[in-house]
Amino acid sequence: MKKLFNILITCYTLLFFVCGCYDDKGNYNYMSENELMPVGISAIDSISVKTQSALKITPKLTNDDTSRYTYLWYTLDKNNPYTRDTLSTQHDLSINCNLSVGNYTLYYQVKDPRKNIYKSVNTPLTVTATDINTGWYVLKAKDGFTDVDYFSLSGVMKANLLTDVVKTEKLQGTPVSMIYIPSNYNNAITNPDGTTTILYNQSAYHIVTNKDMVTLNANDLTVFKRLNDEFYETPSNINLQGIQQDSYNTQYLINDGHLHFQYGGQGIGKFNYQLAGGQKVYPTLICGSYDVYSYDQNSHCIYDTRFGDGFTLCSDENGSTTCFSDSAFVMLNFLPRVDEIYSVKCYGVLKNGLNDKYYIADFGISGQSYMPTPTFSEIPAASGLVSSTVMAAPRGASVIYYATDNKLMMYKVAFSADEVLKAFDIGEKVSFIKNMRGTNLDGTIFNDLVVITNTSDGYKVYRFPLVGSAGEINATSSAFMTGTGAANFIMFRQN
Amino acid sequence: MMMKKNLYLLFWGLIILTSCSQDDPLTYKNDPAIYFASKDVNYSFFYAESTSLKADVFVTVHAMGNPSPSDRSFSLIQSNVSDADAAVSGIHFLPLTSQDMQKRMVMPAGQNELKVPITLLKDPSLDLKIVKLTLKVANNDNFKVGISECDSTNITFSSQAIKPTNWKDWYYAFGASWGSVKMKFIIDNTGITNFDKIPSDALYYLLFLNTKLQQKLFEYNNAHPGAPLAEADGTLINFDNPYINPS
């Protein structure tokens, strides 16, 4: 009996081995995605639209076949992702947008109903209570206060937003900077019964002058906060110098050389106490995707200051800290160039206190706080760069743009040479230069050098397209925005 | 057999009848007595907002029995006189035999509960130690000792900081370490004197406090080169950033 049992067990085991070696010749075939559903959908740019206004989108499709596919446009509410709202089942979207003011994700789906498969793309959709959204925001000083002029992508101007549209108390002081926070801004409001409600995931603007600040709801231009509500504890000495944000919407505010921050999407939208330490932070920060770098004007060192974790000294490949004070250098201007995912590149315009010569430090920072030793090149004494206070570096070329009175100049770092790019009219003084990129109303991409000049009559904004990769510009454009007051900052809001 | 059955019925009938007899209601018949009806007290002059050299803390005395139409004095004594950490009468607290205290130890007519103020004195010795006053109720002509488990209560007091019982709730603001110098530094720089309860939804407020205290400590240590802020035993004060980024 036992022998019979062993024979049966052996047979079963052999059967498994034999089956394992069987070559499966099933009648199925693998098909590529494009073979199965050849249609292609181009990405759709993010969209801002005023509620109860027309929303039209013509998607770009390849290998489209209207007889074969069905189409669907729908939204998901970012604050309530389970709420799906179908907008249209047409090929193109053309509706009157009756969505409530808020932030959504818009989906476009192309489906083959016979195979029950589909492809889709999505994009952020912001529905606002105002038609002041995508476009250009010019900060200007006028009559002793700061205000904002808005220019839509189509060129429609709305002057003096704070005074005439927001109608908030006048913003004291001269313009410093402005940022748009597309989402992840929180704001706490006190209800009549004394309880607190926190509004999460809001869109907002921070508008900063040297003496004052206001935060607006970007969707309806109501006031979220004035200066005294911006901090857990308002600094005793207000001398606001700059504001920036990183890719996590963490916002960094520099007041009197001290760095204050608030996390995007967390807390109640208030700035923390100054980051601990004796640093005197330079007003411009270098914001990479993962790290934020600051230059300390006391120690002449560069620190990693991401997320407000504290000041972490950057060090070189040997583990030694790289501080410009080692060579008696004093930083005159700290210019961001390239911000990539893991690294940033910057120029520093420095003066050597020992020999009164000027230098450019070309350096990059990568891997959080790793900063290779910079390369230095001397700036000829005759160059106007050493005395200029308005300058900027483009993302691509190894040049520095700067201004001397009414002239827009370019300093070629590799050749230590200057070039006049544009001579404005006499009396037109350059106050702002920046390389800005974005998408025009017609969908074309721009990569411009944006320059603001001021005269006694008002300001002018020029957009000079960059030509080639050497930093040259097409300087023939005339001013495309003008207004009253003295402007010194412009922000472009794509969405 | 029948006889036996009848006896059973008679027996159970008697049981039922006796169980239905009316009993007199229970009434309190003992002599009047008192006991403490409050918890032990911890007090530190360290957290006091006033600079007064004395402070009143309260113990509640409850009288058993019916309220009296007239005032009735009662007696409290110190029962831990011989202990090493005992508070000293007249130095650390107003003597229980003093005229002021005797006036306070009177149950008013018509009442059976009284909050008795015990006056603590801020003697300099309290800067260096924590003392304890154990109060015990005692028999007198009006009251006997009531519930024996509640016949005494402790008052522990000092001029030193006393670690809040919910210290861990403040972790993101103050870190884990605790000491009296650190506590004073926190109070001086944040203005917080009541640590009983943290604000609701307060993580980012606690982080703000932490950042502020780190900066204030940095400023203090810079202003005192070679003498950084430390506890009496030399332990350096820190507010090491305990923060773990929640994002």
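1. Strands are DSSP runs of E of at least two residues and helices are DSSP runs of H or I of at least four residues, both numbered from the N terminus; two strands pair if DSSP finds at least two bridges between them. Within this pairing, B:Phe58 has B:Pro117 of β7(B) as its bridge partner.

2. On the basis of the note: this is a predicted model, in which local features need pLDDT of at least 70 and side-chain atom pairs count only at pLDDT 80 or more, while totals for chains, interfaces and linings use all residues. Residues are numbered from 1 along each chain as its sequence is written, and chains are lettered from A and ligands numbered from 1 in the order in which they are written.

3. The strands of point 1 belong to an open sheet of four strands in chain B, with the order β7-β3-β1-β9 and mixed pairing. Strands β7 (113-121) and β9 (144-145) of chain B stand at its edges; each has a single partner strand, so one side of each is left without a neighbour in the sheet. Chain B as a whole contains five helices and ten strands.

4. Of the 247 residues in chain B, 19% are buried. Here a residue is buried if 20 or more other C-beta atoms lie within 10 Å of its own, exposed if 12 or fewer, and partly exposed in between, with C-beta atoms placed from the backbone. Two residues are in contact if their C-beta atoms, placed from the backbone, lie within 7 Å. Among contacts in chain B between residues at least 6 apart in sequence, 78% join residues at least 24 apart.

5. Leaving aside residues up to four places away in sequence, B:Leu76 touches B:Leu96, B:Met105, B:Leu135, B:Val137 and B:Ala138. The C-alpha atoms of B:Leu76 and B:Leu135 are separated by 6.3 Å, although the two residues are 59 residues apart along the chain.

6. Helix α4 (residues 180-190) and helix α5 (residues 203-223) of chain B pack at an angle of about 105°, with their axes 11 Å apart. The axes are lines fitted to C-alpha atoms over the stretch in contact, and angles run from 0 to 180 degrees between N-to-C directions. The angle makes α4(B) roughly perpendicular to α5(B), a class that covers 65 to 115 degrees, whereas under 35 is roughly parallel, over 145 roughly antiparallel and the rest oblique. From α4(B), the contact involves B:Ile186, B:Asn189 and B:Thr190; from α5(B), it involves B:Leu209, B:Lys212, B:Leu213 and B:Lys216.

7. Where the chains meet, 14 residues from chain B and 16 residues from chain A take part in the contact. The chain B side divides into six nonpolar, seven polar and one charged. For these classes, Ala, Val, Leu, Ile, Met, Phe, Trp, Tyr, Cys and Pro count as nonpolar, Asp, Glu, Lys and Arg as charged, and the others, Gly among them, as polar.

8. In chain A, five of the five residues of strand β16 (residues 213-217) are buried, so this strand is largely enclosed by the rest of the structure. A:Met213, A:Thr215 and A:Asn217 point one way from β16(A), and A:Val214 and A:Leu216 the other way. Five bridges join β16(A) to strand β15 (residues 196-209) in the antiparallel sense, and A:Ile207 stands opposite A:Val214. The two strands form a hairpin with three residues between them. Three bridges join β16(A) to strand β17 (residues 223-226), also antiparallel, with A:Leu216 and A:Val223 as bridge partners.

9. A:His300, in the loop between β22 (292-296) and β23 (301-304), has a positive phi near 60° without being a glycine. A:Ser416, in the loop between β31 (407-412) and β32 (417-423), is likewise not a glycine and has a positive phi of about 50°.
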